[in-house]
Amino acid sequence: MGFQVMTMSDAAAARVRAIVENSGPEAKGIRVGIKKGGCAGMEYTIDMVTEANPKDDRIEKDGASVWIDPAAVLYLLGTEMGFETTTLRSGFTFHNPNQTSACGCGESVELKAADLADLAQQRERATA
């Protein structure tokens, strides 16, 4: 298997499958991206995918498909998408090594582009 932009936890995969199953026959998965906004400068976006964009990267786990907006790839490299339910909220989580800070409410983040040279070195060490 080749390098994936992101990974997803078992809980995230289960939630993506549930969303797709409850969204009708045209739903294929979800699309993750980023946009400018919030106190810290950027927000993650999640949209339903009914037609795949051939420019998007795609990850799959246990039958759950997640497409990644090409404009977000450098900010999402190495990210693990999770899903959690607490007493106050439920939703997708992003454990992102490119996050430099977050606002107090946790709804927006500050992201830096991934260091491609560092990623290449990490990959070399992992395959050695």
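**The nonpolar core and its surroundings**

The largest nonpolar core comprises 27 residues, and those with the most contacts inside it are Met-6, Val-66, Leu-76 and Met-81. A nonpolar core here is a set of buried Ala, Val, Leu, Ile, Met, Phe, Trp, Tyr and Cys residues joined through side-chain atoms within 4.5 Å. Two or more residues are given to this core by each of strand 1 (6–8), helix 1, strand 2 (29–37), strand 3 (41–49), strand 5 (64–68), helix 2 (73–76) and strand 7 (90–95). The largest share, five residues, comes from helix 1. In soluble globular proteins, nonpolar side chains tend to be buried together.

The model is predicted: local features need pLDDT of at least 70 and side-chain atom pairs count only at pLDDT 80 or more, whereas totals for chains, interfaces and linings use all residues. Residues are numbered from 1 along each chain as its sequence is written, and side-chain values use heavy atoms, with hydrogens and water left out.

Setting aside neighbours within four places in sequence, Leu-76 is in contact (heavy atoms within 4.5 Å) with Val-5, Met-6, Val-32, Ile-34, Tyr-44, Ile-68, Asn-96 and Asn-98.

An α-helix has 3.6 residues a turn, so residues three or four places apart point the same way.

Asp-56 lies in the loop between strand 3 and strand 4 (57–61) and is buried, with a relative accessible area of 10%. Not counting residues up to four places away in sequence, Asp-56 touches Arg-31, Trp-67, Ile-68, Asp-69 and Pro-70.

Finally, consider the chain as a whole. Its secondary structure comes to three helices and nine strands, defined as DSSP runs (helices H or I, at least four residues; strands E, at least two) numbered from the N terminus. Of its 128 residues, 37% count as buried.

Definitions and conventions:
Buried < 20%, exposed > 50% of the residue type's maximum accessible area, 1.4 Å probe, protein only.
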